[in-house]
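These are my notebook entries on a structure that was new to me. I set down what I looked up, entry by entry.

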Amino acid sequence: MKASAKRGRRKVIRAKRHEPKASAIGLLKKKKYISEIDKDDVNNILAGVEYVEDLYEFYKLAENQVGDYMDRQTEIDAHTRLVLVFWLIDVRYQLKFPSEVLFLTVHIVDRYLEQNLVAQKDLPLLGLSAMLIAGKYEEDKPPGVEEFVTIASGFYNREQILSTEKSILEKLGWSLTVPNPYHFLIRFVKAAGADKEMEDIAFFMAELGLMQYEMMKFCPSMLAASAVYAAKLYLKKTPLWNETLEFHTGYSESQLTGCAQKLLSFHSEAPDHLRTAYYHQGI
């Protein structure tokens with residue numbers, strides 16, 4: 001083979017090596033349709049725009065599901081848990097806690113129940129103590145123990161609540177920094193460009209999901225993404241899903257329909273007074 005032909009062949013090989021792969025071309029084309037949802041927060045140092053995408057990649061890697069524990073419990077079942085979470089939502093309103101406290105509270109309760117048998121009579125005590133922990137974790141100035149004693153209406157005293165708080169922390173190894181649906185929900189409603197009405201409904205959908213033991217089979221990010229999708233369905237927003245939401249949630253529309261339909265059914269079954277109370281809390 002002549003030297004000039006060899007040189008020409010090497011040039012073709014080098015050129016091919018530098019051609020972008022088909023998948024990369026597809027991603028570049030898709031990027032054109034992905035909105036810059038953090039552009040308005042670039043100058044807000046508290047938003048941490050330079051770290052936020054890496055943070056959510058870590059959340060997706062670190063998120064975990066609590067195992068199926070109900071068969072091991074002897075005195076409580078899915079309905080008992082539903083009643084507990086329903087009551088904790090009311091306690092959250094009484095104490096004027098934000099949503100993140102409720103989500104962390106339920107997560108703590110489920111992790112504790114996964115490891116320990118709990119008598120039905122002690123379930124409200126577990127819930128109160130878990131919310132005490134969540135309030136301390138999330139709030140700068142959380143309510144004191146005495147406020148939880150007041151809510152307990154004489155059923156549990158200060159010592160019982162503090163003793164249960166200590167037991168929970170020991171059993172969980174003092175590990176509370178775990179991604180739950182709330183962490184994903186605040187990001188996903190932002191990606192959806194949600195107004196106040198849509199945001200409220202998405203959070204309400206997610207809280208309805210918290211109440212249902214069967215929804216624990218969905219990982220936190222899927223529950224959050226499905227809550228946003230269900231809210232868009234409920235409000236008849238179009239498009240229901242787009243490239244921006246798929247990029248930031250990591251889920252396609254088809255992956256969310258099953259979970260979202262369950263959330264919509266819970267919403268339709270929820271009492272009118274519960275929906276009205278939620279949408280007018282402003283918390």
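This is a predicted model: local features need pLDDT of at least 70, side-chain atom pairs count only at pLDDT 80 or more; totals for chains, interfaces and linings use all residues.

I then turned to helix α6, which covers residues 123-138. Its 16 residues reach 22 Å from the first C-alpha to the last, close to the 22 Å expected at 1.5 Å a residue. Which residues of α6 are buried? I listed Leu123, Leu125, Leu126, Gly127, Leu128, Ser129, Ala130, Met131, Leu132, Ile133, Ala134 and Gly135. Since 12 of the 16 residues are buried, α6 is largely enclosed by the rest of the structure. I next asked what the buried residues of α6 pack against. Their partners are α4, α5 (99-115), α7 (145-151) and α8 (158-171).

**Entry 1: salt bridges.** How many salt bridges does the count give? I recorded 8, and I examined several pairs one by one.

I began with Glu207 and Arg92, whose side chains meet at 3.0 Å, N to O. Glu207 belongs to helix α10 (residues 196-211) and Arg92 to helix α4 (residues 78-94), so this pair ties together parts that are 115 residues apart in sequence. Are the two residues buried or exposed? I found both Glu207 and Arg92 buried.

I went on to Asp195 and Lys237, which form a salt bridge at 3.6 Å, N to O. This pair links distant parts of the chain, 42 residues apart: Asp195 sits in the loop between α9 (181-191) and α10, and Lys237 in the loop between α11 (220-235) and α12 (243-249). I noted Asp195 as partly exposed because its relative accessibility is 35%. Lys237, at 29%, also counts as partly exposed.

I then looked up Glu214 and Lys262, where the salt bridge has an N to O distance of 3.0 Å.

**Entry 2: Thr244.** I located Thr244 in helix α12. What does the side chain of Thr244 reach? I found the backbone nitrogen of Ser35 at 2.8 Å. Leaving aside residues up to four places away in sequence, I listed the residues that Thr244 touches: Tyr33, Ile34, Ser35, Ile37 and Ala191.

**Entry 3: cavities.** I asked how many cavities of 30 Å³ or more a search of the whole structure finds. The search gives 2. The largest cavity holds about 240 Å³ of space. It is lined by 19 residues, and those closest to its centre are His107, Asp110, Pro181, Leu210 and Met216. Which helices each supply at least two residues of this lining? I noted α5, α10 and α11. Of the contributors to the lining of the largest cavity, α5 gives the most, with 4 residues.

Notes
Residues are numbered from 1 along each chain as its sequence is written. Side-chain values use heavy atoms; hydrogens and water are left out. A salt bridge is a side-chain nitrogen of Lys or Arg within 4 Å of a carboxyl oxygen of Asp or Glu. Buried means under 20% relative accessible area, exposed over 50%, partly exposed in between (1.4 Å probe, protein chains only). A polar contact is a pair of N or O atoms within 3.5 Å; within protein, one must be able to donate a hydrogen and the other to accept it, and residues adjacent in sequence count only if both atoms are side-chain atoms. Contact means heavy atoms within 4.5 Å. The expected span of a helix is 1.5 Å times one less than its number of residues. On a 1 Å grid over the protein atoms alone, a cavity is a set of points where a 1.4 Å probe fits but cannot get out, and a pocket is an open set with protein on both sides within 12 Å along at least five of seven lines; lining residues have an atom within 4 Å of a point. Grid points are joined across faces, edges and corners, and a volume is the space filled by probe spheres set on the points.
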